[in-house]
Amino acid sequence: MNYNKKTVKDVDVKGKKVLLRCDFNVPMAKDGSGVITDDKRIRAALPTIQYLLDQGAAVIACSHMGKPVATFESYVKKQTEKGKDPASITEEKWKKSLAELRMEPVAARLSELLGKPVILADDVVGPDAQAKAAALEPGQILLLQNTRFEKGETKNDPELAKKMAAMAEVYVSDAFGAVHRAHASTAGVADYLPAVSGFLIQKELDFIGGALADPKRPLVAILGGSKVSSKIGVINNLLEIADTIIIGGGMAYTFSAAQGGKVGDSLLEEDWKDYANDMVKKAADKGVKLLLPVDTVVADAFAPDAKSQVVKSGEIPDGWQGLDIGPETVALYCQAVAGAGTVIWNGPMGVFEFAAFAKGTEAVAEALSKTDAITIIGGGDSAAAVQQLGYADKMTHISTGGGASLEFMEGKELPGVACLLDA
Ligand code: ADP
Ligand code: MG
């Protein structure tokens, strides 16, 4: 995939209507009060929005929010599949579920952050959106309703894409968190408008794309998280590119078991043992250094206050489970990271959500903060871990897209990037 894409700086947007796809899919309070519990994604979109407004563009912003079910018919089907009593499935409940995913709270917060009014449309491509888009002046911003209120959005329906495109003259994509999906607002519209990236996507392409295509070496990939099965694509791709691969987290126990080790009650994917052995062999064949834990912190239960001890890898007693890498492993991994040119990290080293088992993840984060290497964090939980442990501003780049960054690291083509004009 070509990561070199035209950006907002490569097009003239003065006096033009710009359709801007953002990722405003923010977490909301569970009580339906419309309170945004974390506005990070809205703040992340500000540089591109501000730039476009300063350039004299009229900005038509849009985003999806949650997973609304666009028609009552599909709502009935989905609820029935969930085993809900048919009598309890009402049109009223469906409408309430939609109301909770409207863009009003986002418009209000965006307006506060920009310090100017944000006009809100009542629909996505309906009469209200069309009228408000037509009347929009340079320097003004309009926010469309949740793009997933249109059933054609997730199907990448060309009719919907055409209608969205018809409201604007240029398409700017800045929703990195959604570029792995070929939807009408993330990819389809680019068939009908000149399409470029905003600053957020540009930064992701520069750092992740740069690290994959032409890394400053040695390239060290740190891979952890829970399961081998969810990381196969990432391991396979990085095995082709990296000089060193470090394995931690829950997936390390499948590697250990595959080599005949005892893993007790640790997370183990029996079906992936052969794959783990193949990876070890492939790494050796390719001359990629593959590091596995030499010791591990085990617990007598999966709990924050469980009893714990350190044992050698492959020697976990029955009734115990590995929840973090051990101190010798930490030292080994920190040493491997120290001389790196680039480090790509995906997947925590242990169950960092429990303070007692966050030490390995924290030590690796600290080691990254001290290197001169380009440090790139991908994956939703990994980004959360680095943030939670207080190392966020010490990293070169923390990806804003969980699933999207994983697919990027897997080397997959991202439809929302592929559709943009090549630079
Ligand atoms: P990401 O979202 O960054 O791609 P993953 O979703 O693959 O990361 O993995 C994150 C999860 O892995 C965390 O919730 C963490 O608790 C879990 N995890 C890490 N190590 C272990 C372990 N030894 N046993 C069980 N779960 C683990
Ligand atoms: Mg995750």
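The exercises that follow concern salt bridges and pockets in this predicted model.

**Exercise 1.** Determine which parts of the chain are linked by the salt bridge between D422 and K5, and classify each residue as buried, partly exposed or exposed.

Solution. 
Step 1. The side chains of D422 and K5 form a salt bridge with an N to O distance of 2.6 Å.
Step 2. D422 belongs to the segment after α15 (415–418), and K5 to the segment before β1 (17–21); the two residues are 417 residues apart, and the pair links distant parts of the chain.
Step 3. A residue is buried under 20% relative accessible area and exposed over 50%. K5, at 8%, is therefore buried, whereas D422, at 44%, is partly exposed.

**Exercise 2.** Explain why the salt bridge between R109 and D39 ties together separate parts of the sequence.

Solution. 
Step 1. The N to O distance between the side chains of R109 and D39 is 2.7 Å.
Step 2. R109 is in helix α4 (residues 104–114), while D39 is in the loop between β1 and α1 (40–54); the pair therefore joins parts that are 70 residues apart in sequence.
Step 3. R109 has a relative accessible area of 24% and is partly exposed, whereas D39, at 13%, is buried.
Step 4. Both residues take part in a network of salt bridges that links D39, R43, R109 and E112.

**Exercise 3.** Describe the placement of the salt bridge between K162 and E159.

Solution. 
Step 1. The side chains meet at 3.8 Å, N to O.
Step 2. Both residues lie in helix α6 (residues 158–166), where three residues, about one turn of the helix, separate K162 from E159.
Step 3. K162 is partly exposed at 40% relative accessibility, and E159 is partly exposed at 46%.

**Exercise 4.** Identify the element that gives the most residues to the lining of the second largest pocket.

Solution. 
Step 1. The second largest pocket has a volume of about 450 Å³.
Step 2. At least two lining residues are supplied by each of β14 (321–325), α13 and α14 (402–409).
Step 3. With four residues, β14 gives the most.

Note on methods
Residues are numbered from 1 along each chain as its sequence is written. Chains are lettered from A and ligands numbered from 1 in the order in which they are written. This is a predicted model: local features need pLDDT of at least 70, side-chain atom pairs count only at pLDDT 80 or more; totals for chains, interfaces and linings use all residues. Side-chain values use heavy atoms; hydrogens and water are left out. A salt bridge is a side-chain nitrogen of Lys or Arg within 4 Å of a carboxyl oxygen of Asp or Glu. Buried means under 20% relative accessible area, exposed over 50%, partly exposed in between (1.4 Å probe, protein chains only). On a 1 Å grid over the protein atoms alone, a cavity is a set of points where a 1.4 Å probe fits but cannot get out, and a pocket is an open set with protein on both sides within 12 Å along at least five of seven lines; lining residues have an atom within 4 Å of a point. Grid points are joined across faces, edges and corners, and a volume is the space filled by probe spheres set on the points.
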